[in-house]
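Work through the exercises below with the model open. Each one gives a task and then a solution in steps.

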Amino acid sequence: MEDLNTRYSTEGDFLQAVGEVVPSLVPVLDRHPEFIEAGILERIVEPERILQFRVSWMDDDGKVHVNRGYRINFNGSIGPYKGGLRFHPSVNLGVLKFLAFEQVFKNSLTGLPIGGGKGGSDFDPRGRTDAEVMRFCQAFMSELYRHIGPDTDVPAGDIGVGGREIGYMFGMYRKLTNTFAGILTGRGMEYGGSLIRPEATGYGAVYFADEMAKAAGKTIEDATCLVSGSGNVAQYTIEKLLDLGARPVTVSDSSGWIHDPAGIDREKLAWIKDLKNVRRGRVSEYAQQFSGSTYHETDRSASSNPLWAVKADCAFPSATQNELLGPDAQNLVNNGCWLVSEGANMPTDPNGQSVFREHGVLYGPGKAANAGGVAVSALEMSQASQRLSWSREEVDARLRGIMQNIHRESAAAAKEYGFGNDLLHGANIAGFLKVARSMVAQGVV
Ligand code: NDP
């Protein structure tokens with residue numbers, strides 16, 4: 001960590017992600033000197049390859065813009081690199097390295113043969129017309145296409161990259177290469193996508209919560225639930241919470257958040273989907289549409305987010321990294337929250353995690369709880385290579401089985417290495433072991 005802190009002092013998110021994993025590995029390295037001899041720790045924190053490129057594009061008024069594009073191939077020892085593309089103005093190398101590093105462990109946990117990668121751009125799709133987004137996606141792919149392939153690297157969506165962006169990028173890839181290949185997941189059903197892929201991350205985070213609750217002799221049925229974000233992950237988290245009889249009462253976006261004490265039901269959820277996916281509006285409109293709900297603007301300079309101070313049983317942070325800090329975790333605990341399942345990547349900071357640990361909150365870290373998205377992406381790759389399409393029920397059943405398995409393996413690893421019921425340590429260890437063994441087997445490369 002000292003070496004990394006010096007070398008990458010400007011990459012705070014990356015250092016945080018590594019710092020979250022290293023303490024879990026101490027007892028593992030004690031038991032496996034071969035990992036130390038093979039320099040696994042030193043190697044696993046260095047990406048195998050980082051690609052950075054210029055993305056030049058023209059807006060509707062003919063003005064030229066330049067953004068930075070990235071793709072990180074972090075670790076390919078157990079399969080082709082796999083991980084999303086994020087389009088958001090906050091994207092930089094440190095953010096993408098944190099996401100790609102987490103992805104290595106997450107992908108390993110799914111039990112499927114996929115390595116870890118991540119990419120994206122500091123392009124902001126918000127407020128851009130469809131034509132502008134299309135031109136940007138085409139410009140982005142006009143470089144990326146050289147570096148990806150069904151057996152090399154298969155990107156997917158993330159913040160700011162949904163079905164629309166995947167479609168535009170896929171079209172450009174196909175034109176440039178004259179090949180119809182499974183080089184992106186999250187594709188439309190008409191051109192090689194998988195049923196349940198859009199739902200997978202949110203559904204998976206709720207399945208994971210269900211497993212944690214059951215293992216503790218509890219249930220999320222009738223539980224009041226806080227959800228942050230209002231994008232892909234938040235929407236399908238809410239949908240699955242409703243399926244299981246829970247009561248989601250909040251959503252948010254980067255401007256503010258909604259509290260609806262009566263609960264967000266299916267009709268309101270359909271309205272949110274239309275607002276965010278079709279009209280591309282702000283959640284503030286929800287309060288005008290549904291009486292009894294309130295809108296609160298987010299104060300970015302505040303040290304806590306009042307969304308997490310709403311009284312609830314369970315929390316599903318599903319927006320972005322470091323959105324749930326120590327004081328937020330304390331507010332949740334003070335109000336009786338007993339379960340947190342992370343749909344977002346690294347939403348809880350280390351202080352928040354300590355609070356959950358101290359108070360015995362059932363805590364599902366993102367790399368385990370949100371692995372359903374990449375798991376179904378891997379199922380999309382299998383279907384694409386077989387030129388087959390599995391039914392909704394089949395994919396959903398596989399997703400559920402994978403989430404159960406991740407929970408079981410993380411819990412078992414935590415126990416085996418002396419971390420009790422701590423799923424963060426357990427997920428880190430279970431994800432690490434498969435990658436470390438593969439790296440040892442493949443020699444010093
Ligand atoms: P979307 O772009 O669909 O939605 C993101 C949501 O989070 C939006 O409501 C957005 O608000 C909000 N948000 C984004 N950045 C910020 C910020 N800095 N502060 C406050 N709110 C913010 O993305 P996804 O739902 O796909 O991703 C959400 C999280 O889930 C991310 O952490 C992502 O890495 C993670 N994840 C996603 C997977 C997937 O399959 N999509 C898989 C695994 C993890 P606004 O509308 O204002 O932009």
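The exercises concern a predicted model and cover aromatic contacts, a pocket and a set of paired strands.

**Exercise 1.** Classify the ring pair formed by Trp57 and Phe136, and state which parts of the chain the pair ties together.

*Solution.* 
- Step 1. A search of the whole structure finds 22 aromatic pairs.
- Step 2. In the pair of Trp57 and Phe136, the ring centres are 6.1 Å apart, and the planes stand at 85°. Pairing requires centres within 6.5 Å, and an angle over 60 degrees counts as edge-to-face. The pair is therefore edge-to-face.
- Step 3. Trp57 belongs to strand S1 (residues 49–58) and Phe136 to helix H6 (residues 130–144), so the contact ties together parts that are 79 residues apart in sequence.
- Step 4. Buried means under 20% relative accessible area. Trp57, at 5%, is buried, and Phe136, at 0%, is buried.
- Step 5. Both residues belong to one aromatic cluster, formed by Phe53, Trp57, Phe87, Phe123, Phe136 and Phe140.

**Exercise 2.** Find the ring over which the charged end of Arg31 sits, and the ring whose face lies under Lys97.

*Solution.* 
- Step 1. For Arg31, the ring is that of Tyr417, with the charged end 4.1 Å from the ring centre.
- Step 2. For Lys97, the ring is that of Phe14, and the distance to the ring centre is 4.2 Å.

**Exercise 3.** Describe the second largest pocket by its volume, its lining and the elements that supply the lining.

*Solution.* 
- Step 1. The volume of this pocket is about 360 Å³.
- Step 2. The lining has 17 residues, of which Leu362, Tyr363, Asn421, Asp422 and Leu423 are the closest to the pocket centre.
- Step 3. At least two lining residues come from each of helix H8 (197–215), helix H13 (350–358), strand S13 (362–364), helix H16 (392–416) and helix H17 (423–441).
- Step 4. By class, the lining holds 10 nonpolar, four polar and three charged residues.

**Exercise 4.** Identify the strands that pair with S9, and decide whether the residues of S9 are buried or exposed.

*Solution.* 
- Step 1. A hairpin of three residues joins S8 to S9.
- Step 2. Strand S10 (residues 294–297) also runs antiparallel to S9, joined by four bridges; Gly256 has Glu297 as its bridge partner in S10.
- Step 3. Within S9 (residues 256–259), Gly256 and Ile258 point one way, Trp257 and His259 point the other way, and all are buried.

Definitions and conventions: Residues are numbered from 1 along each chain as its sequence is written. This is a predicted model: local features need pLDDT of at least 70, side-chain atom pairs count only at pLDDT 80 or more; totals for chains, interfaces and linings use all residues. Side-chain values use heavy atoms; hydrogens and water are left out. Rings of Phe, Tyr and Trp (its six-membered ring) pair if their centres lie within 6.5 Å; planes under 30 degrees apart count as stacked, over 60 as edge-to-face and the rest as tilted. Buried means under 20% relative accessible area, exposed over 50%, partly exposed in between (1.4 Å probe, protein chains only). A charge sits over a ring if NZ of Lys or CZ of Arg is within 6 Å of the ring centre and within 35 degrees of the ring normal. On a 1 Å grid over the protein atoms alone, a cavity is a set of points where a 1.4 Å probe fits but cannot get out, and a pocket is an open set with protein on both sides within 12 Å along at least five of seven lines; lining residues have an atom within 4 Å of a point. Grid points are joined across faces, edges and corners, and a volume is the space filled by probe spheres set on the points. Ala, Val, Leu, Ile, Met, Phe, Trp, Tyr, Cys and Pro count as nonpolar, Asp, Glu, Lys and Arg as charged, and the others, Gly among them, as polar. Two strands pair if DSSP finds at least two bridges between them.
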